[in-house]
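This report describes how selected parts of one protein chain are packed. The sequence and the structure are shown first.

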Amino acid sequence: MRRVLNSGTVRLPDVKGTERERLDTIYAIGLFGEDAIKFIFEEIPAVFNHITFKFEIKAPLLVFNAFQEVHLGTLDRLEGQDHQIAYLPPSFYKQEDLTYKIMDVKSCNAYNTKLYNFYVAAFNFYNNLIRDGICEEQAKLVLPQGIFVNFLWVVTAKDLIEFISNNSSKSPEIAGYCSTFVLYLEEHLPLSTRWLKANRWNNA
């Protein structure tokens with residue numbers, strides 16, 4: 001298990017298929033080393049559909065929503081495992097063009113305090129609604145996007161690589177999870193990940 005965003009986590013309980021099995025099919029046609037990896041990515045990336053990862057993820061709700069929007073893999077929200085803690089960013093950023101610029105320390109501290117106070121008020125409101133007999137489904141309307149939720153993500157190596165490639169710079173929060181997925185790829189697809197970092201993920 002790896003920690004992400006202070007209180008978030010990513011765990012990989014199951015992997016099906018191996019990089020070596022996929023490479024053996026390429027070695028059979030006489031391509032080896034970096035040439036074999038390059039051939040896969042440029043000619044037959046569907047090879048990576050034969051490798052599947054099953055992640056158990058704890059992340060802010062806004063991150064879960066980002067996973068839903070890309071329609072890659074299969075998501076399964078683990079209901080009943082939400083947490084009455086919420087994500088407080090260690091820093092706050094301003095968006096400038098396509099990049100994020102960190103705000104000054106004074107501004108970050110001020111927004112951290114304001115967000116914390118908002119979370120406290122939201123959770124108090126939620127708990128009061130539950131005590132008043134409001135059904136949980138409607139009471140959840142007041143919960144913030146920063147609340148941590150648990151979900152399973154089953155995804156092929158091909159779709160995982162696509163997710164990282166297309167989303168790692170979309171927000172500081174998504175970047176944190178993408179960086180963690182890269183670590184798991186390095187463990188299970190070391191040759192492919194090395195090629196990606198050298199040729200496509202220059203900032204990974």
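The model is predicted. Among the elements that cover the buried residues of helix α6 are α2 (33-43), β3 (52-60), α3 (61-70), β7 (148-156), α7 (172-188) and α8 (190-199). Helix α6 itself spans residues 157-167, and its buried residues are Ala-157, Asp-159, Leu-160, Ile-161, Phe-163, Ile-164 and Asn-167.

Leu-160 also belongs to the largest nonpolar core, which has 53 residues. Along with Leu-160, the residues with the most contacts inside this core are Phe-53, Phe-55, Ile-57, Trp-153, Tyr-177 and Phe-181. Helix α7 supplies the largest share of the core, namely seven residues.

Which residues does Phe-181 touch, not counting those up to four places away in sequence? They are Val-10, Phe-55, Ile-57, Phe-67, Trp-153, Leu-160, Phe-163 and Ile-164.

Gln-84 lies in the loop between β4 (74-77) and β5 (93-96). When neighbours within four places in sequence are left aside, Gln-84 is in contact with Phe-123, Tyr-126 and Asn-127. Its C-alpha atom is separated by 9.7 Å from that of Val-120, a residue 36 places away along the chain.

| Residue | Relative accessibility | Class |
|---|---|---|
| Gln-84 | 42% | partly exposed |
| Cys-108 | 8% | buried |
| Cys-135 | 36% | partly exposed |

Cys-108 counts as buried because its relative accessible area is 8%, under the 20% limit. A disulfide is a covalent bond between the sulfur atoms of two cysteines. A search of the whole structure finds zero disulfides.

Notes: Residues numbered from 1 in each chain as written. Predicted model: local features only at pLDDT ≥ 70, side-chain atom pairs only at ≥ 80, totals over all residues. Heavy atoms only, no water. Helix = DSSP H or I, 4+ residues; strand = E, 2+ residues; numbered from the N terminus. Buried < 20%, exposed > 50% of the residue type's maximum accessible area, 1.4 Å probe, protein only. Contact = heavy atoms within 4.5 Å. Core = buried A, V, L, I, M, F, W, Y, C linked by side-chain atoms within 4.5 Å. Disulfide = S-S within 2.5 Å.
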